[in-house]
Amino acid sequence: MLLLLTSWISRPVTSSFFKNLPSLLLVMPLLACGSQPPTSDGASSKPETRFESELMPLVAAYESDAQANAIPVSPELRSQLVQVVWQDDLGQQGDETVLGRCERMNENHPDESMRFRTVKIRKPDAAGYVGRIKVDALTLKTIVYHELGHCLHDFRGHLPEASHQIMSTALPKERFQSFHELLHQHFALLKSGH
Ligand SMILES: [Zn+2]
């Protein structure tokens, strides 16, 4: 799950905002990650299959990047993914806006065909914003890759914010310098067996 720090974005643009800007930039992670997404083991029935056409190219890119980094997505987990959809509102966690969620359903079901996973991504408004944050292509890719790290590579929990990786609790600052390096670290982490 990824969260948007509303405490940052809801701050009015005033002179005190600019006075505080240097210290705010130190906590530049506009996005942070909350606790583990909810899981359900109550023998849920199969959710309707829904794949959002705007998001699926990112899923294909993730699979391709995983393959290129020698940690391909397992066919079992890929077949469990039955939804990748926009959601207008994923709610709040504390004061923070949830940006994405990976949900696992029936994950211990003895019949593997009854295990399902869904990815929900907070839909930006018509101008492309969630709060004051412009969800540009790289931000969206980072959010989707984070959720796929949970759903397609079964990464549990989160790395500390200071580690600045895709599975960190906060959006990695390094993404602005090298998404390639971020990806390299991401798949090396997944290969290590976390
Ligand atoms: Zn997460």
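Four aromatic residues, Tyr62, Tyr145, Phe179 and Phe187, come together in one cluster, where rings of Phe, Tyr and Trp (its six-membered ring) count as paired if their centres lie within 6.5 Å. The model is predicted, so local features need pLDDT of at least 70 and side-chain atom pairs pLDDT 80 or more, while totals for chains, interfaces and linings use all residues. Residues are numbered from 1 along each chain as its sequence is written, and side-chain values use heavy atoms, leaving out hydrogens and water.

Across the whole structure, three aromatic pairs are found. In one of them, the ring centres of Tyr62 and Phe187 are 5.5 Å apart and the planes meet at 50°, so the pair is tilted (planes under 30 degrees apart are stacked, over 60 edge-to-face, the rest tilted). Tyr62 belongs to helix H4 (residues 56-68) and Phe187 to helix H7, 125 residues apart; helices are DSSP runs of H or I with at least four residues, numbered from the N terminus. Tyr62 and Phe187 are both buried, meaning under 20% relative accessible area with a 1.4 Å probe, protein chains only.

The axes of H6 and H7 (residues 179-191), lines fitted to C-alpha atoms over the stretch in contact, come within 13 Å and cross at roughly 5°. That makes the two helices roughly parallel, a term for angles under 35 degrees between N-to-C directions, on a scale from 0 to 180. Contact (heavy atoms within 4.5 Å) involves Leu138, Lys141, Thr142, Tyr145 and Gly149 of H6 and Phe179, Leu183 and His186 of H7.

Methods. Angles under 35 degrees count as roughly parallel, over 145 as roughly antiparallel, 65 to 115 as roughly perpendicular and the rest as oblique. Buried means under 20% relative accessible area, exposed over 50%, partly exposed in between (1.4 Å probe, protein chains only).
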